[in-house]
Amino acid sequence: MKKFTKSTYINWYKDMLFWRKFEDKLAALYIQQKVRGFLHLYNGQEAVLAGALHAMKENDKMITAYRNHVQPIGLGVDPKRIMAELLGKDTGTSRGLGGSMHIFSPEHNFYGGHGIVGGQIPLGAGLAFADKYFERDGVTLTYFGDGAARQGSLHETFNMAINWKLPVVFICENNGYAMGTSVERTANHDDIWKLGLGYEMPCGPVDGMNPVAVAEAMHEAIERARRGDGPTLLDIKTYRYRGHSMSDAQHYRTKQEVEEYKKIDPISQVLDVIKSKKYASEKQIKEWDQEVKDKVAECQKFAEESPFPDKQLLYDVVYEQEDYPFLKHR
Ligand SMILES: Cc1ncc(C[n+]2csc(CCOP(=O)(O)OP(=O)(O)O)c2C)c(N)n1
Ligand SMILES: [Mg+2]
């Protein structure tokens, strides 16, 4: 695996801070009703992405649920286009037609962006199947929440994926809650990784607040898949600071609980390493913070100044099949 060097920590700090501030800006734009519909933010979970990117290689793919704005940024999609998508603009990744939950960019190996809980789990195995079938190098990182772990589709997919030794890593981003329901309330035990045991699938828990721990676990799982030894299930214990979505009043948890997790915040942990190892001066850190702010402002400016798509686009992206059998009965 690539080593954890000074530049690893510096890049992690700058990237994770950018992702967080980018999403803080989205929250503000949501309150101004410039972002419409649902908005599920990633604040607190950034180490899960930072660690994964460290372990991924060029042809590896990612698929996730609706908490999906920063993963494509990590994979190289222009963040200006993502913000534009959220504002429904023509310059967005899907010309403004997908919105928050549906970021998609196969050119960057990002396959969405899925609103049906657990719906992306079989799709992720399908992407991995295609790579195996066509003898292409590539591992698919398939993310889902703790709430999706009890879906039947997960079990059907696990069975096939281990049986066929598909090059996939199943990653449960266990943030403790499915909307307002805690993991403890939905099952007999809260160690989701144990679901892998029944399939004899390598599995285990991972500290999701620390990008080093995530990168190490991901590396092992990704390389296992790449050499043909099949899937792994990682139960990455993380936490989201914001509500499930912007319309969540959060009556199901206490403010103290959120504060406890902020003490082990991934960005602060990385910054502590930078400071203790003297990788950068206070002045340098302040400059990075300013760079991040400017970059977010640039995204906002681009998104706000972009036009909405022309109404004609609505007619271009739906179709009526002339010989559809039921049409003649209307
Ligand atoms: C099949 C299905 N059932 C219910 C919902 C409504 N719903 C949206 S998000 C969610 C909770 C999912 O929680 P989790 O998988 O833990 O993901 P997190 O939001 O914590 O990232 C539910 C029940 C849905 N979108 N799809
Ligand atoms: Mg959850």
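How many residues surround ligand 1, and which are the closest?

Mentor: Happy to! This is a predicted model, in which local features need pLDDT of at least 70 and side-chain atom pairs count only at pLDDT 80 or more, while totals for chains, interfaces and linings use all residues. Residues are numbered from 1 along each chain as its sequence is written, chains are lettered from A and ligands numbered from 1 in the order in which they are written, and side-chain values use heavy atoms, with hydrogens and water left out.

Ligand 1 is surrounded by 15 residues, and the closest are Y66, R67, G147, N175 and Y177 (a residue counts if one of its heavy atoms lies within 4 Å). Sorted by class, this shell holds seven nonpolar, six polar and two charged residues.

Now for the polar contacts (pairs of N or O atoms within 3.5 Å). A polar backbone atom of V117 is 3.1 Å from a nitrogen atom of ligand 1. Oxygen atoms of ligand 1 also take part: one is 2.8 Å from a polar backbone atom of G147, and one lies 3.2 Å from a backbone N or O atom of A148. On its own, ligand 1 exposes 580 Å², and the protein buries 70% of that (Shrake-Rupley areas with a 1.4 Å probe).

N175 and Y177 turn up again at the magnesium ion (ligand 2), where the protein donors are D146 (OD), N175 (OD1) and Y177 (O), lying 2.1 to 2.2 Å from the ion. Donors here are N, O and S atoms within 2.8 Å of the metal (3.2 Å for Na, K and Ca), and sites may look incomplete because water is not among the atoms. Along the chain, the donors follow the spacing D-x28-N-x1-Y.

Note on methods
A polar contact is a pair of N or O atoms within 3.5 Å; within protein, one must be able to donate a hydrogen and the other to accept it, and residues adjacent in sequence count only if both atoms are side-chain atoms. Ala, Val, Leu, Ile, Met, Phe, Trp, Tyr, Cys and Pro count as nonpolar, Asp, Glu, Lys and Arg as charged, and the others, Gly among them, as polar.
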